[in-house]
Amino acid sequence: STQGYSSAASDVYKRQVIGEILIDMVGNIASNSLQLEGKLGGAPFNVASNLADLDVDTTFYGVVGKDVIGDFLLDQLQEHKECLNLFVKQKEDRMTTIAFFLKDKGNFQFLRKIGADYCFNKEELISFPNKETKYVHFGSLFLSNKEARETIFEVIKEYKKQGKVISFDVNFRSDIFEKDEDYISYYLKMIEFVDILKVTKDELEMLTNIKDLSEALKKFKDKKIVFVTDGENGSYCYYKNKLYFKKASKVIPVDTIGCGDSFMAGVLSYLYNLNLDNILEEDIEKILSRGNECGRRTCLVKGAIHGLSLIHI
C-alpha cells in the first residue's frame, strides 16, 4: 500500500522536480563512536526546496519508505514553504534511502537496499505534471535501477511530446552501481532527452573521455544550454558553441553538502524567465553569478537546504 504526504497547489505550477528524497547522515568518526546528524536531503529535493526558498513555485514528486526515517522526513515536510507543492509517496514494502557523509572521509556512501527513492509509477508520473507544466527537472539516482530507468525514459518521451523542457544534473555516484555495469551509457541515454544539462568538470571528462573542457563540451552541442561547475574555482556555461566563465567568491565552508544543488536552483530560477533559444550574454553573466552565489550561501549552513531561505538573490 502507498501513503505519504501531499499539499494541494492553489495555482498551476509550471516548474516540477522528480527524483530522490532521502536523509543525509552527516558527521565524523570520533573516539569509539560514529557521530552523525540526520537532515532532509536528496539532490532533486534540494533543488526543489531551494527553488521555493527563491520564491519560485515548484512541485516535487518523490518516494520514501514506511520506516522511522520515512516518518521523520514526512514530519519535516510539514514545515515547507507555501510555494513548494509536495507529492511524497510512502511505500510500505520499501526502505528510505540513507546517504552517509563523513567529513573526514570526504564523500557520500548510500544505503538503499530495497530502496524507495527509485520506486516510481509510470502511469502516475505521466499524469503527474499538469499540462500547463513547462519545466521538469530530474535527479539521477534512479539510473542505478533497470526498472526505474525504463520507467523514467518512457515518461520523459511523453513529456517531450508535450513540449516540456527537461533539465538534469548528472550528480554521479559510483557506489550505486555494480562494478561491471556500463553506467556511463545510462547517463548518456538520459542526456539524450535533456535540454538543460549540469555536470561537474570531473563528470564532463568521465562522460566524454576528453580532458579539454571546450572540446568535451562539443559532445553536447545539441543541448540548449550546459552548465559546468568547478568547485571553489567557479562555473562555466556553454551556449550556442560559446564558453563563458564566472569566478566564484572565496568562502570558508561550514560544509559543502548540496552546494551543486543550490547552484542548479539558482540557475533554473533565472532560466525560467528566459527564452532558451535567445539568451543574451549579459543574462548568462547573471545566471552564473546567481548560481555561484546560491552555492556559496549553502556552504555557510549545515546540511543541503535552507541556506537561501533568509535572502533574496
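Just after helix α1, Asp55 takes a positive phi of about 65°. Helices here are DSSP runs of H or I with at least four residues, strands are E runs of at least two, and both are numbered from the N terminus. This is a predicted model, in which local features need pLDDT of at least 70, side-chain atom pairs count only at pLDDT 80 or more, and totals for chains, interfaces and linings use all residues. Residues are numbered from 1 along each chain as its sequence is written, and side-chain values use heavy atoms, with hydrogens and water left out.

Helix α1 itself spans residues 43-53 and is mostly covered: 11 of its 11 residues are buried. Buried means under 20% relative accessible area, exposed over 50%, and partly exposed in between (1.4 Å probe, protein chains only). Among the buried residues of α1 are Phe45, Val47 and Leu51.

Val47 leads on to His137, which touches it. His137 lies in strand β9, residues 135-138. His137 counts as buried because its relative accessibility is 2%. Its other contacts (heavy atoms within 4.5 Å) include Gln16, Phe168, Asp169 and Met264, leaving aside residues up to four places away in sequence. Asp169 is 32 residues from His137 in sequence, yet their C-alpha atoms are 8.3 Å apart.

Now the sheet. Strands of a sheet pair through backbone hydrogen bonds, either parallel or antiparallel. Here 4 strands form an open, mixed sheet in the order β4-β3-β7-β8. Its edge strands, β4 (33-41) and β8 (108-111), each pair on one side only. Pairing requires at least two DSSP bridges between two strands. Strands β3 (residues 22-30) and β7 (residues 98-102) run parallel, with 5 bridges.
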